[in-house]
Amino acid sequence: MKKIEAIIKPFKLDEVREGLSEVGITGLTVTEVKGFGRQKGHTELYRGAEYVVDFLPKIKVEVVLGDDMVEQAVEAIVKAAHTGKIGDGKIFVMPVEQVVRIRTGEVNEAAI
């Protein structure tokens, strides 16, 4: 089993969710986060004063799935989240040792 964490632009969330749904992924967790990468924030003008926004709003999408679905999920996220501009985001794939469904006690693949 693997966990995919994708950091994407907020306005791309619906497209990513739909893309994952199309490849058969039904459950995911979404968190509003802030961060920056190479762009290191940006400068904005507010009421005539310039200020630096260090942390940009992003969305973190988390999905746990079987090893056989990882490539399809990554491709779906890349296709849906891509704009070609700086700040499109990152995808992290990491191993998951155990999953337990609290309601039924099912474990691992059955719990996903």
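Me: What share of the chain's contacts between residues at least 6 apart in sequence joins residues at least 24 apart?

Reply: The share is 72%. The model is predicted. A pair counts as a contact when heavy atoms come within 4.5 Å.

Me: Which elements does the chain hold, and how many?

Reply: There are two helices and six strands. Along the sequence they run β-α-β-β-β-β-α-β.

Me: What makes the sheet open, and in which order do its strands stand?

Reply: Four strands form it, in the order β2-β5-β1-β6, with antiparallel pairing. β2 (29-35) and β6 (89-95) stand at the edges with a single partner strand each, so one side of each has no neighbour in the sheet. From one strand to the next, the twist averages 20°.

Me: How do you know that β1 and β6 pair?

Reply: Count the bridges. Two strands pair if DSSP finds at least two bridges between them. Strand β1 (residues 2-8) and β6 have seven, in the antiparallel sense. Seven meets the cut-off, so the two strands count as paired. One point to check on the model is I8, whose bridge partner in β6 is G89.

Me: Which strands do the helices touch?

Reply: Helix α1 (residues 13-22) packs on the sheet and touches β1, β2 and β5 (56-65). The direction of α1 makes about 10° with that of β5. Helix α2 (residues 70-81) also packs on the sheet, touching β1, β5 and β6. The direction of α2 makes about 5° with that of β1.

Me: Why are α1 and α2 called roughly antiparallel?

Reply: Their axes cross at roughly 150° and come within 8 Å. Angles over 145 degrees count as roughly antiparallel, so α1 is roughly antiparallel to α2. The crossing is right-handed.

Me: Which residues of α1 and α2 meet, and what kinds are they?

Reply: From α1 come E15, V16, G19 and L20. From α2 come A73, A76, I77, A80 and A81. These residues divide into seven nonpolar, one polar and one charged.

Me: What makes β5 mostly covered?

Reply: Seven of its ten residues are buried. Buried means under 20% relative accessible area. Across the chain, buried residues make up 32% of the 112 residues.

Me: Is K12 buried or exposed, and how do you know?

Reply: The relative accessibility of K12 is 9%. The cut-off for buried is under 20%, so K12 counts as buried. K12 lies in the loop between β1 and α1. Beyond its neighbours within four places in sequence, K12 is in contact with A80, A81, H82 and T83.

Me: Where is H82, and what does H82 contact?

Reply: H82 sits in the loop between α2 and β6. Its contacts, leaving aside neighbours within four places in sequence, are K12 and D88. H82 and V16 are 66 residues apart along the chain, yet their C-alpha atoms are separated by 9.8 Å.

Me: Why is K2 called partly exposed?

Reply: Its relative accessible area is 26%. Buried needs under 20% and exposed needs over 50%, so K2 falls in between. K2 belongs to strand β1. Not counting residues up to four places away in sequence, K2 touches several residues, including V63, V64, L65, V93 and M94. K2 and D68 are 66 residues apart in sequence and 9.5 Å apart in space, C-alpha to C-alpha.

Me: What phi does N108 have, and where is N108 placed?

Reply: N108 has a positive phi of about 50°, although it is not a glycine. Its place is in the segment after β6. The relative accessible area of N108 is 28%. That lies between 20% and 50%, so N108 is partly exposed.

Note on methods:
Residues numbered from 1 in each chain as written. Predicted model: local features only at pLDDT ≥ 70, side-chain atom pairs only at ≥ 80, totals over all residues. Heavy atoms only, no water. Axes fitted to C-alpha atoms, helices over the stretch in contact; angles between N-to-C directions. Parallel < 35°, antiparallel > 145°, perpendicular 65-115°, else oblique. Left-handed = near helix turned anticlockwise from the far one by under 90°. Nonpolar A, V, L, I, M, F, W, Y, C, P; charged D, E, K, R; others polar. Buried < 20%, exposed > 50% of the residue type's maximum accessible area, 1.4 Å probe, protein only.
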